[in-house]
Amino acid sequence: MELPFAESYKIKMVEPIRRSTREEREEWLKEAYYNLFNLRAEYVYIDLLTDSGTGAMSDRQWSAMMLGDESYAGASSYLKMKAVIKELFGFNDFLPTHQGRAAENVLFSLLVKNGDIVPGNSHFDTTKGHIEFRHAHAVDCTIDEAFHPTEFHPFKGNLDLNKLENVFKKYPIEKIPFVVVTLTCNTSGGQPVSMQNLKEVYALAKKYGTRVIFDSARFAENAYFIKTREEGYQDKTIKEIVKEMYSYADGMTMSSKKDAIVNMGGFIGFRERKMYEEASVYNIMFEGFVTYGGMSGRDMNALTQGLLEGTEFDYLETRIKQVAYLGDQLKTYGVPMLEPFGGHAIFLNAKEFLPQIPKEEYIAQKLATEIYLEGGVRAVEIGTMLADRDPDTRENRYPELEMVRLAIPRRVYTNSHMDYVAATIANVFERRNEIKRGYKILREPPIMRHFTVELETL
Ligand code: F0G
């Protein structure tokens with residue numbers, strides 16, 4: 001008999017989690033004003049709020065922490081990280097930062113000016129936030145297929161070269177400091193970008209005279225998809241693929257909380273020495289001296305080891321197959337989802353799941369809270385709540401897709417947990433017609449409301 005697939009690691013340390021009753025969860029959810037961010041983590045049985053900073057470190061990462069060099073300047077931990085960044089991405093210079101958005105803050109402080117245009121593939125919220133905060137504009141150039149929930153395309157994170165070229169033609173090139181390519185594209189459902197597309201985007205950017213920066217949070221998952229889906233890459237290692245990917249970039253921002261499998265950390269990688277030198281000033285102001293930038297030596301050691309492990313095929317195969325395992329089960333129950341499945345998460349299509357709820361009543365928020373009530377599983381709303389209000393009109397912005405994201409932490413849950421999650425959602429799906437109304441906002445902050453908004457049931 002052919003031997004089945006199984007995880008590429010075993011478990012050495014465990015953390016208890018507790019199941020709760022439906023009555024308890026009803027009480028807790030009410031106290032949280034129906035916002036899952038307001039729940040105590042201990043009230044959650046399986047936490048799929050995010051895959052960011054929630055991964056399990058390996059024995060090698062923990063032992064690397066003991067060797068952390070906590071010198072203020074020139075620590076060996078910094079030098080080791082520098083060597084691995086050079087080896088993986090080919091960049092000579094880098095700046096450590098405390099997380100991904102801090103990397104964006106430092107780099108964009110240097111590059112993004114009032115009135116600038118930054119094209120990309122569905123920019124992540126903090127990326128867009130850092131662009132708009134500087135009174136510049138993010139222009140989405142993602143291919144149209146990405147906006148169709150079930151149309152098959154192996155690389156739905158790709159940029160549409162015509163859309164991109166139109167941006168280059170429409171605005172003076174001095175107004176376009178760079179193109180940002182997000183790998184994988186979180187906003188469009190954890191979808192990868194092909195090597196071919198990376199190559200073409202880079203060539204087009206060079207033709208018009210601008211830079212390409214990779215938002216790299218899930219770069220290794222992207223490389224896995226290139227290896228398994230793109231012609232000509234089957235026999236290459238993940239590390240070889242990563243090296244080629246980054247030959248089409250002038251720099252990178254990294255949230256190490258994802259594919260470097262650490263709980264905190266980030267960095268910026270630079271091709272141009274001059275850009276590194278200029279950005280260093282902002283790093284010192286916002287993050288810390290250039291050789292630690294908001295991270296302790298031990299954290300840099302764990303990150304460095306995590307980058308090496310995160311780019312191993314066996315690890316990535318275990319990870320991405322687990323996400324697909326959950327997706328495949330949900331599919332057998334008929335649950336509407338975004339397909340193909342993303343690298344880090346399954347995205348439920350809330351509009352199709354609960355078509356009876358009007359968009360004014362926050363469809364995806366309702367679905368996320370129903371999933372919590374059903375089984376103590378915490379997911380995150382990616383819909384109208386997150387899209388927030390238009391800054392000028394203060395009207396709700398209603399996105400095309402209302403989604404609930406089930407983000408899977410790395411190396412944390414077993415497939416039995418995935419079975420539990422699938423059954424929880426299947427139960428909600430079975431009783432979906434009994435869910436009649438959504439929510440009304442009681443209180444909300446002026447921006448980024450999804451974190452703290454308070455709701456009441458209708
Ligand atoms: N870029 C992408 C593509 C991200 O997904 C994130 C974070 C960031 C940048 C910012 O990094 O959190 O380290 O400051 N995404 C998390 C998520 C929060 O849940 O998807 P950070």
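How many nonpolar, polar and charged residues does the shell around the ligand have, by class?

**Entry 1: the ligand shell.** I looked up the classes and found one nonpolar, eight polar and seven charged residues in the shell around the ligand. In this notebook Ala, Val, Leu, Ile, Met, Phe, Trp, Tyr, Cys and Pro count as nonpolar, Asp, Glu, Lys and Arg as charged, and the others, Gly among them, as polar.

A note to myself before going on: this is a predicted model, where local features need pLDDT of at least 70 and side-chain atom pairs count only at pLDDT 80 or more, while totals for chains, interfaces and linings use all residues. Residues are numbered from 1 along each chain as its sequence is written, and side-chain values use heavy atoms, with hydrogens and water left out.

I then asked which residues come nearest to the ligand. Of the 16 residues around the ligand, they are T50, Q99, R101, S255 and K258; a residue is near a molecule if one of its heavy atoms lies within 4 Å of it. Helix 4 (residues 100–111) gives the most to this shell, with three residues. Helices (H or I, at least four residues) and strands (E, at least two) are DSSP runs, numbered from the N terminus.

Entry 2: I was looking for pairs of N or O atoms within 3.5 Å. The side chain of T50 has an N or O atom 2.7 Å from an oxygen atom of the ligand. For R405, a polar side-chain atom lies 2.8 Å from a ligand oxygen atom. K258 places a polar side-chain atom 2.9 Å from a nitrogen atom of the ligand. I also checked the cover: taken alone the ligand exposes 470 Å², and the protein buries 93% of that, with areas from the Shrake-Rupley method and a 1.4 Å probe.

**Entry 3: helix 3 and helix 9.** At what angle do helix 3 and helix 9 pack? I found about 85°, with the axes of helix 3 (residues 76–89) and helix 9 (residues 238–246) 7 Å apart. Axes are lines fitted to C-alpha atoms, for helices over the stretch in contact, and angles run from 0 to 180 degrees between N-to-C directions. Helix 3 is therefore roughly perpendicular to helix 9, a label for angles of 65 to 115 degrees. On the helix 3 side, K86, E87, L88 and F89 meet K239, V242, K243 and Y246 of helix 9, where contact means heavy atoms within 4.5 Å. By class, this contact has four nonpolar, no polar and four charged residues.

Entry 4: Most residues other than glycine have a negative phi, and most peptide bonds are trans. I noted a cis peptide bond from L183 to T184, with omega near -25°; T184 lies in the loop between strand 5 (178–182) and helix 7 (195–208). The bond from E339 to P340 is cis too, with omega near -5°. R394, not a glycine, has a positive phi of about 65°, and I found R394 in the loop between helix 15 (384–387) and strand 12 (403–407).

Methods. A polar contact is a pair of N or O atoms within 3.5 Å; within protein, one must be able to donate a hydrogen and the other to accept it, and residues adjacent in sequence count only if both atoms are side-chain atoms. Angles under 35 degrees count as roughly parallel, over 145 as roughly antiparallel, 65 to 115 as roughly perpendicular and the rest as oblique.
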